[in-house]
Every structure is written in structure tokens, then in C-alpha cells.
Amino acid sequence: MSSSLVEFSNSLADAVERVGSSVIAVLEGGRDGVSGTRWRDGLAVTAEHTIRGYDEVSVVLSSGEKAKAAVAGRDPGTDIALLKLANLSGSATLADDSRTRVGEIVLAVGRRGSQGLATTYGIVSALGGAWRTWQGARVDRWLRLDLNPFTGFSGGPIVNASGEILGIATSGPRRSVVTIPSSTVTRVVDQLLQRGRVTRGYLGVGLQPVAFPEAARKAIGVESERGLLVVTLAPAGSAEQAGVLLGDIIVSAKGQPLRSLRDLQPALDSENVGKPIELAIVRGGKLMKLNVTVGERPGE
């Protein structure tokens, strides 16, 4: 066997070994348990969907010791749950996200209870900008991985060849790997520690995309070809209190055109909760503007 191949093999094994002390097993996570990743002193994260309904879980540390961890917060939108453990020390070694490249080798690392570490490797097959989960949560970067997941990998780290953590893994459609990047994990952890939850904005409106005929756009002075028709209003919701009416067509929020429901989501990010945003509305053939204070989505 060539020395270069041996060196490559050893480098991957070294990367797994380096991150191994940050990987725990969460025994309640499904039939075979799942993994978790140490993030800070006394804190670990795991995939929220795997321990839904639990306020406390049993974990296995890298030393093989079993312990109890309290579920200190959860965010279903990003699939992150925060665990508190009294006897877990150290912080995760995070990769420089800006240096991640398409084609780079990455490893998914997990801990399968008392069986110890497990890993699989592949490559970063695509990179992209921020994206939204189906619940509307913002994930800071799209990392598409080409690797074969194994049972129990959810909640464990995705690492580069140096053993630095790019994010945590969770299972997506057809058991594909979805990576929640470390910047998103850190942001969610901070909010869970500060508030016990991640807040997301809410206007109290039901909306439906509609098209503007060209003649109507010119007459009203609207550039966008589409807008969002208000079809329902929550009683005493933010929009109703600000004067929004059924039949209004919202054409922009914070100066950004609204052509689809997805376009509204940035205005409803957690940093806007409790703050007024300007909506441009078409009502009765006239363009008007309203300031609406973003409320907190019920149930968050």
C-alpha cells in the first residue's frame, strides 16, 4: 500500500479521534439512540425531532460514563435541542465556514451507545446561501453532502479532514443528510440560553399570492407583478391592530417586494419580533403604507 494512501487513511482516523471527545450518545433518540455534540462547557446539542417529548435524556459520554442530561431548550424549526450536563467540559472546535469548499472531504461522526464511535465519509457536493426550513426557520448556509448516513448519526457533528466541526447532522428526506451549520447552531444555542426558546415573527394574517395585471400596476404605481392577498385576519393580531383589512394586497415589507409567501419570511425573523415594519398595501386601487409591529408566533 502506498505511503500517500496510508497517510490519507491516518489523517481521517485522526480527525475522528480529535472530534470523538465532543460526541455523545443520546439513548432515548429512537430505537437505537442517536448522537449529540458537545458545544460549550456543560452544553451539548442534538437533533430535536429525535427526543421530542423528553425533558430529560440518558447519555453516554466519550469516557463511556452514563449520565442524565436536562433538555434546556428546543427549536423544532432548525431541529436543534439543547442539553445541559453537569460533567461535560470543553467547547467545540469549529471550522472556518468561509474556507469550506465543494469537493472537500467531510465525515459524519456519531456515538452508538456503548459501542463507541462510528463514522462515514464523503464530500461536500454543493454550497449555497441561506435557506429556510419548511417551518420558516433561517439556516445560514446550504451544505449538500454526498455521504452515506448510518443509524444513529442524527445530532452528531459533520467535520472536515482536520476534525473541525462544520455543523451537526440530521436526517432529511429519504435518509439524506441535512447539515445545520455551526453558525446556525451557535445562534440558536444563544437564543435558547437567553430566552428558553427561539422566537419567530407573526403578523396574524392568512395570505395568498395574486397577480397584478400590467394596466393595474401602471395605474396604481406598483412595480411588482405579484402581491399577497389578505384572506384571513387573526382577531387582535398585529396586522388587524395596525389597520390591515381583508382584501388588502401586501406588495412589500421593509421595502422588499413580496412575490411569494417565502419573500415575507425575512421580515419575520426573530430579530424583528417586537419591532415595527413598514408594509406597502394596495387597497381600493390605491397604494398606502402601514407600520405593523411584528408579534411572536404562538406556540414557539
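Let's begin with aromatic pairs: this predicted model holds two of them. For one of them, select F8 and Y121, whose ring centres lie 6.5 Å apart with the planes at 75 degrees, so the pair is edge-to-face. F8 belongs to helix α1 and Y121 to strand β8 (residues 117-128), so this pair ties together parts that are 113 residues apart in sequence. Colour by accessibility here: F8 is partly exposed at 32%, and Y121 is partly exposed at 47%.

Next, select W131 and W142. They too form an edge-to-face pair, 5.4 Å centre to centre and with 90 degrees between the planes. W131 sits in strand β9 (residues 131-132) and W142 in strand β11 (residues 142-146), so the parts tied together are 11 residues apart in sequence. W142 has 33% relative accessibility and is partly exposed.

Now go to the loop between β6 and β7 and pick T100. Is T100 buried or exposed? With a relative accessible area of 6%, T100 is buried. Beyond residues up to four places away in sequence, T100 touches V124, L127, R141 and L166.

For the next stop, select W39, V45 and V185, the residues with the most contacts inside the largest nonpolar core, which has 24 residues. Elements giving two or more residues to this core include α1 (3-20), β3 (43-47) and α2 (182-195).

Finally, select L207, A253, L290 and V292, which are among the 18 residues of another core, lying apart from the largest one.

Key:
Residues are numbered from 1 along each chain as its sequence is written. This is a predicted model: local features need pLDDT of at least 70, side-chain atom pairs count only at pLDDT 80 or more; totals for chains, interfaces and linings use all residues. Side-chain values use heavy atoms; hydrogens and water are left out. A nonpolar core is a set of buried Ala, Val, Leu, Ile, Met, Phe, Trp, Tyr and Cys residues joined through side-chain atoms within 4.5 Å. Buried means under 20% relative accessible area, exposed over 50%, partly exposed in between (1.4 Å probe, protein chains only). Helices (H or I, at least four residues) and strands (E, at least two) are DSSP runs, numbered from the N terminus. Contact means heavy atoms within 4.5 Å. Rings of Phe, Tyr and Trp (its six-membered ring) pair if their centres lie within 6.5 Å; planes under 30 degrees apart count as stacked, over 60 as edge-to-face and the rest as tilted.
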